[in-house]
Amino acid sequence: MTATPAAQAPADRSDREWWRSAVFYQVYPRSFADSDGDGIGDLGGVREKLGYLELLGVDALWICPVMRSPMADGGYDVADPRDIDALFGGMAAFDQLLAEAHARRLKVTMDLVPNHTSREHPWFQAALAAAPGSPERARYIFRDGRGPNGDEPPNNWPSIFRGPAWTRITEPDGTPGQWYLHLFAPEQPDLNWENPEVVADFEQTLRFWLDRGVDGFRIDVAHGMAKPPGLPDMESVSTKMLIHDDTDPRFNNPGVHDIHRRIRKVIDEYPHAVSIGEVWVDDNTRFGEYVRPDELHLAFNFRLAETPFTADAVRHAIDNSLAAVAPVGAVPTWTLSNHDVEREVTRYGGGAAGLARARAMILLELALPGSVFVYNGAELGLPNVDDLPEDALQDPVWERSGRTERGRDGCRVPIPWESEWPPFGFTVGESWLPIPPEWAALSVETQLEDVGSTLSLYRMAIELRGLRPEFAGPRIEWYGSPAGCLAFRRPGGLVCVLNASAAPIPLPPGELLLASASLTSGHLPPDAAAWLV
Ligand code: GLC
């Protein structure tokens with residue numbers, strides 16, 4: 001592995017469109033670092049690790065939800081969108097983190113959840129206490145049930161977390177009552193975005209955080225919010241976890257674009273701020289609609305996070321992601337994993353091969369034009385933990401699937417920072433999910449000074465990407481390469497080669513800038529990638 005010294009001045013991060021080629025680091029706060037010993041990560045923990053994030057070289061943080069929440073879905077069930085939960089340190093901890101991150105020239109983006117609230121939100125409590133047809137109920141999606149006694153759900157929609165997407169309430173007078181819609185858990189009632197009060201309240205939330213100084217938002221379920229008129233039945237009931245079947249009536253309804261235009265108007269009052277949508281939409285034309293100039297700045301494209309480690313599949317995913325945004329002139333985004341999907345080391349087969357492939361893929365990803373999202377722990381090469389004890393599992397999917405699907409806890413195991421034993425400095429208490437003892441070999445402390453570690457590879461790659469002029473240009477050109485491999489060139493001159501074949505391959509001419517594995521007799525080994533200039 002070689003790293004060439006920096007040749008250029010650092011990229012200007014004060015630029016208004018700083019996000020166009022930024023490396024975002026996704027913090028799942030429960031699992032990142034615990035500063036108060038309760039076993040759950042918090043904002044004080046993030047603050048203590050800002051030096052680490054600066055060393056890693058990322059430009060911006062995306063912090064998963066930290067607003068007030070009963071935590072039925074790890075904070076994606078928000079009871080007060082304009083306050084920080086005491087579990088994470090309250091508002092004071094947030095303000096302190098924001099100030100210190102900015103002092104280190106790190107941008108901070110927050111996760112907002114517009115599609116639903118918590119059942120504990122005062123609006124939902126008021127809706128339960130009010131009568132059918134009341135203005136309180138009209139902020140959510142309440143309907144009478146079907147069948148003679150109204151005891152069947154209003155339609156056949158399933159929840160993403162299994163079971164029906166409707167729950168029946170008991171009316172204040174004790175009689176069985178109306179049903180409310182929840183595309184996710186029953187603790188997450190869907191808001192009615194046709195109600196102007198809902199729109200106004202979200203605008204207030206946007207301004208509240210922007211006025212406090214945040215640099216933008218990741219918008220949860222950004223293809224949700226709008227529901228189809230009449231809430232028609234689904235033709236076929238799918239049980240997929242994160243749905244992106246373009247015929248699914250629950251998501252991607254045309255009305256969602258007006259909502260995004262409203263949101264964008266507010267965000268445009270703060271010209272440095274970015275909006276990033278979680279958009280699980282497969283069709284490229286429909287995906288591109290979300291990033292038209294008056295809607296979201298960026299939308300997550302999950303192709304790479306869903307792609308197996310083969311040259312054809314990876315090339316197809318790249319072409320597809322570029323094609324989705326090109327017609328509307330938007331910036332492509334790249335992500336290998338997040339808090340909802342299996343970690344890439346495991347997805348690529350686990351063990352040494354899985355790790356080698358994950359290392360190769362981060363070089364490939366950082367070589368692409370656009371913005372890159374790194375999920376905390378990916379830089380350590382953490383695998384999924386698929387054998388967590390059943391009584392530790394917390395993802396609502398576990399209970400709602402009748403304990404047949406473990407859900408997403410396996411990718412949310414806390415970060416090993418230091419020492420030889422769990423909880424590896426993550427907490428001084430007992431970590432909310434157990435950390436495997438073998439992660440001693442993957443801890444930050446173990447990897448930091450080791451130039452061959454995955455952490456060092458990330459550091460070198462992120463640094464080179466930010467400094468070298470060869471990474472310039474919004475396009476890529478494909479290069480000829482041996483079967484089972486791929487190679488592309490950036491207009492600035494960077495060449496990236498991926499060897500997904502079973503044999504070592506010769507490298508094209510050029511100076512080797514960085515490789516994810518040591519060359520063998522000048523050849524790039526299988527499951528590896530290299531950068532040349
Ligand atoms: C998004 C989040 C996921 C959450 C869901 C419901 O998909 O990424 O973690 O469970 O929305 O808010």
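**Note on the predicted model: ligand site, domain interface and local geometry**

1. A polar side-chain atom of Asp340 lies 2.5 Å from an oxygen atom of the ligand. The model is a predicted one, in which local features need pLDDT of at least 70 and side-chain atom pairs count only at pLDDT 80 or more, while totals for chains, interfaces and linings use all residues. Residues are numbered from 1 along each chain as its sequence is written, and side-chain values use heavy atoms, with hydrogens and water left out.

2. For Asp73, a polar side-chain atom is found 2.6 Å from a ligand oxygen atom. Arg408 also takes part, with a side-chain N or O atom 3.0 Å from an oxygen atom of the ligand.

3. Three domains are assigned: domain 1 (12-116 + 196-461), domain 2 (122-181) and domain 3 (475-532). These bounds come from an automatic or database domain assignment. Between the C-alpha centres of domain 1 and domain 3 the distance is 29 Å.

4. At the interface of these two domains, 23 residues of domain 1 are in contact with 21 residues of domain 3, contact meaning heavy atoms within 4.5 Å. The area buried between domain 1 and domain 3 is about 1700 Å², and carbon and sulfur atoms give 74% of it. Buried area here is the accessible area (1.4 Å probe) that two parts lose on being put together, summed over both.

5. Six residue pairs are in polar contact between domain 1 and domain 3, both residues being at pLDDT 80 or more. A polar contact is a pair of N or O atoms within 3.5 Å; within protein, one must be able to donate a hydrogen and the other to accept it, and residues adjacent in sequence count only if both atoms are side-chain atoms. On the side of domain 1 that touches domain 3, the elements giving two or more residues are α9 (311-325), α11 (351-366) and α14 (454-467). The largest share, nine residues, comes from α11. Helices are DSSP runs (H or I, at least four residues), numbered from the N terminus.

6. One salt bridge is found across the interface of domain 1 and domain 3, the term denoting a side-chain nitrogen of Lys or Arg within 4 Å of a carboxyl oxygen of Asp or Glu. Asp527 and Arg357 form a salt bridge whose closest N and O atoms are 2.9 Å apart.

7. By this rule the count comes to 30 salt bridges. One of them joins Glu100 and Arg47, with the closest N and O atoms 3.5 Å apart. This pair links distant parts of the chain, Glu100 in helix α4 (residues 90-103) and Arg47 in helix α2 (residues 43-48), 53 residues apart.

8. Pro422 and Pro423 are joined by a cis peptide bond with omega about 5°, and Pro423 is placed in the loop between α12 (396-400) and α13 (444-448). Arg403 lies in the loop between α12 and α13; its phi is near 55°, a positive value in a residue other than glycine.
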